[in-house]
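Biologist: I'd like to learn how to read a model like this one. Could you walk me through it, feature by feature?

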Amino acid sequence: MDFGSFVTKLEQFGFRNDSINNDFEYLYENNSEIGLIFYQGLKPLFERLSERNGISFSTGEESDKYKLKFYLDRSTEDASLGTFIFSLNLQERGGYLSFSQTKKLLINFPFQSVLNDGEHPIVSPTKHDRCRVNFLEPKKASGLAIIPTQDISQYWQACLLELGISFSDTSPQFWQRCDQISQPAEQAFLFGIARQVSQILRHYNAQAYSNNDNQFLYQTSNNTLGGMKFGAAGLSFEFNLSQANSKQISFYQNIKSVLSEHNLPFTQEGNWLKIIIDSRTFTKATTLVNQWYQTITPVSPSQHAGDEMKAFNQNGIAMTHSPLNQILFGPPGTGKTFETTEAAVKAADPAFYSQLNINPAMGADTEQRQALTTKYKALSEAGRIRFVTFHQSYGYEEFVEGLKAETTEDNQISYKVNDGIFKSIANAASVSELHLDADINHNGRVWKLSIEGAHSNAAKSHCLEANIAAIGWGATGDLSQEERNEFFLSQGTNNQNSLNYFSQEMEEGDLVLCIDSKTSVEAIGVVSGPYRYVEDGVPSRHDYCHQLPIKWLAKDFSVDFKELNNNTQFSLPTCYPLSRLSVAEVLNHLHSHGIELTDSAPLPAQSHVEQHNHVLVIDEINRGNISKIFGELITLIEESKRAGNNEEIALTLPYSGKTFSVPNNLYIIGTMNTADRSLAMMDTALRRRFDFKEMMPKPELFSNRTVKGIDLTRLLETLNKRIEVLYDREHTLGHAFLFPVFNETDEGNAFIKLKDAFKNKIIPLLEEYFYEDWNKIRLVLGDNQKEQSAGRDYTFIQAHTDSFDALFGDNHGLETYEDSKVTYKLKDFDDAVWSQPEAYVAIYSKSE
């Protein structure tokens, strides 16, 4: 290929020719075979580069005159602004390629491929930030493409970081093993799949971890999807074909047929399918990973923002996922509590949130905010979002569980274990993926019921078939009436209590456990209607007149409840509440024994249950004693320690003695006022387990709106700049203080609200910040820069100078360097200055 044809080929790819010197052209013509090797070998790379604008090439000066250099985004006016990609370096008898290995280039252009025979990848030694690849003989040229020889670990980690994939739990020894690989096939495979696997992990919202030093695994919040391992046979790429993964990942469902098509050998142990990477398999294995990659929707790095990641539900709707534990922190008035509405909905129902298409930079508009508020209320009513505020006296007993004193009917004191808000929502979240009847109230009560005894009998069989519950003592008459007859009054305490519980306290949505022994249950149902009195009773027992509609969800089983019931047998009374049991505990217990609770509609064999996320919002999280409130559970909220994850931890609670773990669909959102406590002073255990999102004042939200000539944006910006200099940025003023002013359409009312904001919020806060150091408050308000105009005084703080001699007379004996004292006093809010717009304008006008 002659020189002219070579340059024309490059220009056809859209590359800009920034000049080539005669020396390079002369040496090229004497080595024309090199040009053919160069072009044919790098044609796949040129095609990749052609997808990007801003690629140019030129030769250098003096020592670089035999180097044809390729650049990214190089200005024609200033060549130093461009980023070097690679160069063709000519020599008298050959040449070589020199590739940049800077992080920016490796992220933009992962140079990867192998020789045309599919057997021998090219890998060169690393030297500084360049790698050199010598030309090969022409017969190899058609398949030449370059693999970056940067450390494998560095390249992988750059790809993972680019897309926000967590790999902090991976073993450092694994990365060292990668960098020590001597087999070219393994090197080529790892370089070839890094970006694709990173995109796959991003798609499934997965993170990387290691169980030992020889592996790199990746998992979602529930399951390990697969990974890479170093074993006796070398590097293997593995897929976890568990039932849960096969449901979630469509590619897994047909993977064996794909392997057969590629004639790619594999082994399988249990759910794990393994492919050994060697010179015979690495190209096919790379193709396999690419096929998996093609089944997902990749994202560009620009789509990645902060810690939020997008996945896709079964309908293909992009869903934004939030951190499991996050704290919104910032100065007062920055909208932290206001933001929890959006953050909670985003975490609880990411599909709904994504459909709103909220602009992250501008925030929700009025219509979107209304939709968020409505959804927040609905989720709160459903028990999926709960709100609590920490304070100094708040403790473990209120948050997790504690003992609650109660007075019994015989005026004795008894104590029951009372679930706190955290335990309650954790229990509710733990059952959110089960196929449950919609009528179940997750905050309802659990009842023990004995229908004519624990043994099999006709009355019980009839009730279970007829979807009712029935008990005796029909002679009492209808108990929905207030009066009680003599027969009722003649019954003992246990019978009276059973009748009252059954007729007065069992509510729709409560769970009913029908027992078949002193410790076991044979049926479970949900109360589906109000109490009724049926005079005919049931066929086998005409005195079983007291009846409740019950939807029996499961029956004809026998599950022991003694351990769950604090190692206590069921008591003798026919009907009473099982106060030791929660709805969630009962449902999980039955589920663990293979009892599935469904309504009458049959479920499809492969039906999918959309996970219901739950959110606990903790306002003012830094005002509580974290150790006192969370106790031992601070460990359980870590993502890796949550139920269903590989490092799951369950603890025994101190009061109930029950095993407890935190489900991975429970999100915790805290708010923290940095004016109360600096982030640096936060409990270390809390800081390590939470993601922190800073929320600072946003004066730009006011869009320079003016009220009687007062620019709200400039006003807030100036106040905060001065506070930051005199105190710190954690005590600046939030935009929420002035939002009532901004939202008021009537200018007169807006100005009144501005005065109120200064009187009731801004001035008192400045007094607290500066401990009534009125000179500093005066500087914040710009009083020292205000000049009297036409006899008008625009200062808010009045200065008064007192002479020591005037105050104390001669010979006062005060050893001071001054003979007078300046004191400051805030002008009364009735003073005319507070009603003068010019006084507020003067806060910022002189300092700009």
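Biologist: Where does asparagine 467 lie, and what is its phi?

Modeller: Most residues other than glycine have a negative phi. Asparagine 467, not a glycine, has a positive phi of about 55°. It lies in the loop between helix H18 (458-466) and strand S21 (468-471). Helices (H or I, at least four residues) and strands (E, at least two) are DSSP runs, numbered from the N terminus. Asparagine 205 also has a positive phi, near 55°; it lies in the loop between helix H8 (184-203) and strand S8 (207-209), and is partly exposed at 23%.

Biologist: How many helices and strands does the protein have?

Modeller: There are 29 helices and 35 strands. Of the 848 residues, 49% are buried.

Biologist: Take helix H13: why is it described as largely enclosed?

Modeller: Because 11 of its 13 residues are buried, H13 is largely enclosed by the rest of the structure. The buried ones include Lys336, Glu339, Glu342 and Lys346, along with Val345. Its length can be checked too: the expected span is 1.5 Å times one less than the number of residues. For H13 (residues 336-348) that gives 18 Å, and the end C-alpha atoms are 18 Å apart, which agrees.

Biologist: What does aspartate 783 contact?

Modeller: A contact means heavy atoms within 4.5 Å. Leaving aside neighbours within four places in sequence, aspartate 783 touches Arg778, Tyr794, Thr795, Phe796 and Ile797. This aspartate sits in the loop between helix H27 (774-780) and strand S34 (797-803), and is buried, with a relative accessible area of 3%. Phe796 turns up again elsewhere: its C-alpha is 9.0 Å from that of aspartate 831, 35 residues away along the chain. Aspartate 831 is partly exposed at 33%.

Biologist: Which residues form the nonpolar patch on the surface?

Modeller: Like charges are joined within 9 Å, and nonpolar side chains (Val, Leu, Ile, Met, Phe, Trp, Tyr) within 5 Å. Here the members are Leu403, Ile413, Tyr415 and Tyr655, with about 450 Å² of accessible area together; such areas come from the Shrake-Rupley method with a 1.4 Å probe, and for residues only the protein chains shown count as cover. Tyrosine 415, in strand S19 (residues 413-419), is exposed at 58%.

Biologist: Where does pLDDT stay under 50?

Modeller: pLDDT is the predictor's confidence in each residue, from 0 to 100. Where it is low, the predicted coordinates should not be read in detail. The protein averages 80, and 81% of the residues score at least 70. Residues 101-150 stay under 50, though the model has 137 contacts beyond four places in sequence for them. Residues 300-319 also stay under 50, with 46 such contacts.

Conventions. Residues numbered from 1 in each chain as written. Heavy atoms only, no water. Buried < 20%, exposed > 50% of the residue type's maximum accessible area, 1.4 Å probe, protein only. Patch = residues over 30% accessible without salt bridge, like charges linked within 9 Å, V, L, I, M, F, W, Y side chains within 5 Å. Salt bridge = Lys/Arg side-chain N within 4 Å of Asp/Glu carboxyl O.
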